[in-house]
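Dear colleague,

I am passing on a structure for you to look through, and I have written down below what came out of going over it. Please keep it open beside this message while you read.

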Amino acid sequence: MKKKKALIFGVTGQDGAYLSKFLLNKNYIVYGVKRRSSIINTQRVDDIYKDINYKSNFILLYGDLTDASSILNLIKKTNPREIYNLAAQSHVKVSFEVPEYSADVNGLGTLRILEAIRSLNLEKKVKFYQAGTSEMFGSTKEKFQNEKTSFHPVSPYGVSKCFAHWITKNYREAYGIYACNGILFNHESPIRGETFVTRKIIQGLVRIKQNYQKKLFLGNLYSKRDWGHARDYVEAMWKMLQQKKPDDYVIGTGKTFTIKEFVNIATKKMGLNIKWIGRGIKEKAIDIKSKKIIIECRKRYFRPLEVDYLKGNATKAKKILKWSPKTSIDSLIDEMIKHELNNNDQY
Ligand code: NAP
Ligand code: F7E
């Protein structure tokens, strides 16, 4: 049987790496789009990448979501059956600092892919996945967000993703493209970017425990997030593209924790006994054994506006996609700690 071909924008990111491995296991040929950078940015997929001069089912090609011609040429060249748009300036705080770039990549970048599909007359041949986000819900007052919850984004990132969401829906309705929006809640893993809070916490605490770092500096400890595992979430992306009809789906675990609760679970697992003192920006955690302050808050890690509360209702995905999360927050944290401990062996 002929192998299915998938094209992944954002292949070098956390989800790109997990999705590539998932699709290769399903016997796909995977084309991954990487952007040019001055240092190697393929660490997350190095284990599946073979020298370009050898035959492989995993092929990396250059491209950029800000460059429409590269997108068009990549789709023409690879002729994929499925396209996954995972590429983004994905850091919420950074989007306040580079708003125009974030809008260009996340918003217009999505439009550029859809336009390429349309202008190549691939409306009926290609299935498209758009990486939407719970950040689109923003300041909603609903306490269990689903596909019907209205969007109220509170960052340039969230706003740019709303544009991507609506343009994907628009091209589905206007041109009949099989295009799906995943509305994914936070998902983490040992290969999560180091400036996202879960990885920053685990990395910081492991280094503190091993005496490589003195303190961990954080921002808002009281926002609540629904954290799942990226490995589970890429399966949901694929499932969305295997249905009879394209649709939009919320993907989350239905559980929510504050940043402080995440820290408390992680410290306990590492045998660090901490005590919180102070309030607001002065709140700190003391290591009871050494009596040293190991966690402090800094204003620089707060955002101009915060998404206070996220908890995803994935009932529709459960029913139609037969998808549910497999990894608990406990197992996720265990896996992240284990990975970080192995990493730190190299210091
Ligand atoms: P990530 O680790 O930040 O990866 C983003 C990817 O996009 C990287 O491969 C990055 O390349 C690439 N990229 C950035 N700008 C680009 C450009 N101009 N042209 C081409 N590629 C570009 O993000 P992730 O956590 O894997 O998330 C994947 C997608 O899901 C993103 O769209 C994100 O916004 C969305 N999302 C994530 C979550 C989550 O909790 N992880 C939840 C909901 C939605 P480099 O490696 O070169 O930087
Ligand atoms: O922040 C708080 C911060 O940066 C989580 C992206 O994948 O998920 C991610 O966006 C929370 C926020 O993720 C620090 O204020 C406290 O309330 O890990 P984060 P995010 O902003 O939720 C969504 C679904 C996406 O789509 C995004 O692409 O943690 N927080 N102290 C901190 N956050 C960071 N980064 N650093 C801190 O020191």
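**Helix α4 and the cores**

The buried residues of α4 pack against β1, α2 (68-78), β4 (82-85), α3 (92-97), β5 and α5 (156-175). Please bear in mind throughout that this is a predicted model. The buried residues in question are S102, V105, N106, G107, G109, T110, R112, I113, L114, A116 and I117. Helix α4 itself runs over residues 99-119, and its 21 residues reach 28 Å from the first C-alpha to the last, which is close to the 30 Å expected at 1.5 Å a residue. Along the way α4 bends by about 35° at L108, and just after the helix N121 takes a positive phi of about 60°.

Turning to the nonpolar cores, the largest has 35 residues, of which L23, Y84, Y129 and M240 touch the most other members. The elements that each give two or more residues to this core are β1 (5-9), α1 (14-25), β3 (58-62), β5 (127-133), β6 (178-184), α7 (230-240), β11 (248-251) and α9 (315-321), and α7 gives the most, with seven residues.

As general background, nonpolar side chains in soluble globular proteins tend to be buried together.

With best wishes

Technical notes. Residues numbered from 1 in each chain as written. Chains lettered and ligands numbered in written order. Predicted model: local features only at pLDDT ≥ 70, side-chain atom pairs only at ≥ 80, totals over all residues. Heavy atoms only, no water. Core = buried A, V, L, I, M, F, W, Y, C linked by side-chain atoms within 4.5 Å. Buried < 20%, exposed > 50% of the residue type's maximum accessible area, 1.4 Å probe, protein only. Helix = DSSP H or I, 4+ residues; strand = E, 2+ residues; numbered from the N terminus. Expected span 1.5 Å × (residues − 1). Bend = angle between axes of the 7 residues up to and from the residue. Contact = heavy atoms within 4.5 Å.
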